[in-house]
Amino acid sequence: MNRIERTQELVGILEREHALSDEALSDLLDILEETGAERTVQIRDAIPAAVCTPEEAVLYAAARKVREQYYGKDVYLRGLIEFTNYCRNDCRYCGIRRSNTKAERYRLSDEQILRCCGQGYALGFRTFVLQGGEDMYYTDERICGIVRAIRERYPDCAITLSIGEKSRESYLAYREAGADRYLLRQETSNPEHYRYLHPAQLSIENRKRCLSDLKEIGYQVGCGIMVGSPGQTREHIIEDLRYMQDFGPHMIGIGPFIPHKDTPFADEKAGSLYDTLHLLAIIRLMLPGVLLPATTALGTIHPAGRELGLLAGANVIMPNISPGDVRGKYLLYDGKICTDDEAAACGRCIDLRIRKAGYITAMSRGDCAGFDTAHK
Ligand code: SF4
């Protein structure tokens, strides 16, 4: 059996059964890596950079087919509000880690956050994502107050929090205040690799405890990984896929590792665009109804990265609607795109990219397929 036949066989199994053995997954990743030297198959004429190998074409076409069965041509937008870049943690890959004294710190007031939501709502956004470091200034009371205010003003919008590890009681309080979704990437599922990337006081066990609590409480939960992070092996990737499939998140955020100059990983190599696209497509086939963003990090390592992400099975984009004067300060990695654009310009640019990829910008809440929101 040649490589293309083997790819067709493995992708066919993934499409039918949403599962592959560890050996078969490794085999598929090997083929995709080995055949990656020459990309000649055009995926979409409107995007000159959208070329792939025949093996990738098989994988991406299957991922798009499955994604369209669940979500049609819709791409959901999330208005991202980065409301604080203070953080008590010291993750080794992160540009806003506590020990980076060069990071220019900021916090948004409740009024500033609500103004971002107002502008976002006027532009058509129906999901707001409040993202920040683990900043103890924002007590549970403050977070609940902000969530309640957004919920009251915009009852038709989904509210997503992405503010790190908390107690089960805190997660419960935010949910009762009106939060619908929670993003908490584990970055790697392997305990040893986790210890290499994170400070000693953080553990994969607690991160998984948080994710389980969030799911039990009734959030739509997002986890995710960095692709190509320092020390990552093929076994780690397979362990990540296995964990995510067992956990069954509603959203999965994956993006390439990109070094930040003021971190211990400043001189490490960035993750690859193609490895990320392969994993996006494989995740789409393993968890067909998952919400899968084409991340800003993907757009940072390649000018057409987000369009390519959509063509590999992604169905969400998260434009930044934070105030213009703080956008350049929330730098988890170097070279981050869209730090100068205003929200309206950003929305227009994203809409054009989505249409070029052959999809439609959907300005709805964009809940996970099959998730019961009736209790809201
Ligand atoms: S990755 Fe998150 S928790 Fe870690 S230092 Fe950065 S903002 Fe803080």
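I81 touches I113, C116, F128, V129, L130, Q131, I321 and S322, leaving aside residues up to four places away in sequence; two residues are in contact if their C-beta atoms, placed from the backbone, lie within 7 Å. This is a predicted model, in which local features need pLDDT of at least 70, side-chain atom pairs count only at pLDDT 80 or more, and totals for chains, interfaces and linings use all residues. Residues are numbered from 1 along each chain as its sequence is written.

I81 is also among the residues that touch the most other members of the largest nonpolar core, together with F128, I252, L280, A281, I283 and A312; this core holds 112 residues. A nonpolar core is a set of buried Ala, Val, Leu, Ile, Met, Phe, Trp, Tyr and Cys residues joined through C-beta atoms within 7 Å. A residue is buried if 20 or more other C-beta atoms lie within 10 Å of its own, exposed if 12 or fewer, and partly exposed in between, with C-beta atoms placed from the backbone. Helix α10 (residues 273–286) gives the most to this core, with nine residues. Helices (H or I, at least four residues) and strands (E, at least two) are DSSP runs, numbered from the N terminus. In soluble globular proteins, nonpolar side chains tend to be buried together.

I252, named above as a core member, points the same way from strand β9 as I254 and P256, while M251, G253 and G255 point the other way. Six of the six residues of β9 (residues 251–256) are buried, so the strand is largely enclosed by the rest of the structure. Strand β8 (residues 220–227) runs parallel to β9 and is joined to it by six bridges; two strands pair if DSSP finds at least two bridges between them. In this pair, V227 stands opposite P256. With helix α9 (residues 234–247), the two strands make a right-handed β-α-β unit, where right-handed means that, with the strands pointing away from the viewer, the path from the first strand over the helix to the second runs clockwise.

A further sheet is open and has three strands in the order β10-β3-β11, with parallel pairing. Strands β10 (316–317) and β11 (360–362) stand at its edges, each with a single partner strand, so one side of each is left without a neighbour in the sheet. Two bridges join β3 (residues 74–77) to β10, and L77 stands opposite I317.

| Residue | Location | Other C-beta atoms within 10 Å |
|---|---|---|
| E187 | loop between β7 (181–183) and α7 (191–197) | 23, buried |

H18 has a positive phi of about 55° although it is not a glycine. E187, likewise not a glycine, has a positive phi near 70°. T296 is in contact with M318, K336, I337 and C338, neighbours within four places in sequence being left aside. The C-alpha atoms of T296 and M318 are separated by 7.6 Å, although the two are 22 residues apart along the chain.

The ligand is surrounded by C87, N89, C91, C94, I96, R97, G133, E134 and G164, where a residue counts as near if its C-beta atom, placed from the backbone, lies within 6 Å. By class, this shell has four nonpolar, three polar and two charged residues. Ala, Val, Leu, Ile, Met, Phe, Trp, Tyr, Cys and Pro count as nonpolar, Asp, Glu, Lys and Arg as charged, and the others, Gly among them, as polar.
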